[in-house]
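These are my notebook entries on a structure that I looked up. I began with the record and then turned to the model.

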Amino acid sequence: MAEIDEVLARAADGGAISAEEALLLYTEAPFHPLAEAADAARRRVIGDNIVTYIIDRNINYTNVCVTACKFCAFYRAPKHEEGWAHPMEEVLRRCGEAVGLGATQVMLQGGHHPDFGVEYYEELFSSVKAEYPELMIHSIGPSEIAHMSKVSGVEIGESIRRIKAAGLDSIAGAGAEMLPARPRTALAPLKESGERWLEIMEAAHLQGLESTATMMMGTGETAAERIEHLRMIRDVQDRTGGFRSFIPWTYQPENNHLKGRTQATTLEYLRLLATARLFFHNVTHLQSSWLTTGKASGQLSLHLGVDDLGSIMLEENVISSAGARHQSRLSELIGLIRSADRVPAQRNTLYERMSVHWTPEDDPTDDRIRSHFSTIVAELQVKAV
Ligand code: SF4
């Protein structure tokens, strides 16, 4: 117990803790002292009680994918009758709708289409930038970069240089799932290794393309493997400083080949958030995923080191296809932040605060801004009627 108290105090003060110490906190620290230390670390790093959110839209350009991850309910194999790829005009139309609702970011996300090389992504990003220069493109991940490089027969560094020049502003942390080898191989045997995922991130950071880092928990990985995932990210961050935030989320079990496996419990999720805040002395922002864990735990997470409640995603299909059904209006999300005794603020991709809602009179009131409309789930529901 004395050891746990000492590690908590050191981490809350910004001191480095080892992976072994993080595992000790994650598995054995009493909940309230763990939460208090994480909250103290958040205050020290962020400097105030502001909690940010962003308005964005996930736009999927194709669901065709050759990688067949076992947890994925979104993809269809090439030539599958339910496979699709949206024409550029449709992607741009959805971007326009998002801009009309105040979105500052788009997350263009899709499968590893066998024909989509670097040229496709150059056209995608440059078309969006040409039409909507005010939108920041926070999209794809190392897996897509590896895939497009293979399709086009170019080096990873060359792909990064070209997609950055075409307009990609920031790399999403997609495709991290679990980075340690054992759980990663079980989940996504055809995906690049966790080390390779990090190497590509490092290469992007070194070219000035920053990113976020994510983690999907709840598919049977051990507590030690969860902490190892954090360690692998922290080591790269020590060298590059290119991860703006860390965003863990919980696996959703519907419509995929892992169906039936246990999800992470809410308590495990909250403890992981607090441990991440204490372990990542070098990552500024910590985001919780209310989309996968629900609004109540999203609100509670604000007392466990979290300073960002993520996105009002105007559209989301990937996680929704696997069963995530939590939805919110912007006004409700802001209410959650305010009633957790925090001050809400809208941010952009770079975590710059665009508008701080110091008092309830400052809150946006546009009720059209609501989250996670899934075009795919909506179509399925219409068919079921
Ligand atoms: S998670 Fe991504 S790479 Fe894996 S099958 Fe789904 S769309 Fe393909």
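I found that UniProt, in an unreviewed entry, places the feature "binding site" at S289 and S311; such annotations may be inferred rather than shown by experiment. The two span 23 residues in sequence, yet no two of their C-alpha atoms are more than 8.8 Å apart, so they gather at one spot. I located S289 in the loop between β7 (285–286) and α12 (290–293). Helices (H or I, at least four residues) and strands (E, at least two) are DSSP runs, numbered from the N terminus.

I noted that the model is predicted, with local features needing pLDDT of at least 70 and side-chain atom pairs counting only at pLDDT 80 or more, while totals for chains, interfaces and linings use all residues. Residues are numbered from 1 along each chain as its sequence is written.

Finally I examined α3 (residues 31–46) and α11 (residues 266–279), whose axes, lines fitted to C-alpha atoms over the stretch in contact, come within 9 Å and cross at roughly 45°. In α3, L34, A35, A37, A38, A41 and R42 meet R271, A274, R277 and L278 of α11 (C-beta atoms, placed from the backbone, within 7 Å). That contact has seven nonpolar, no polar and three charged residues.

How values were computed: Axes are lines fitted to C-alpha atoms, for helices over the stretch in contact, and angles run from 0 to 180 degrees between N-to-C directions. Two residues are in contact if their C-beta atoms, placed from the backbone, lie within 7 Å. Ala, Val, Leu, Ile, Met, Phe, Trp, Tyr, Cys and Pro count as nonpolar, Asp, Glu, Lys and Arg as charged, and the others, Gly among them, as polar.
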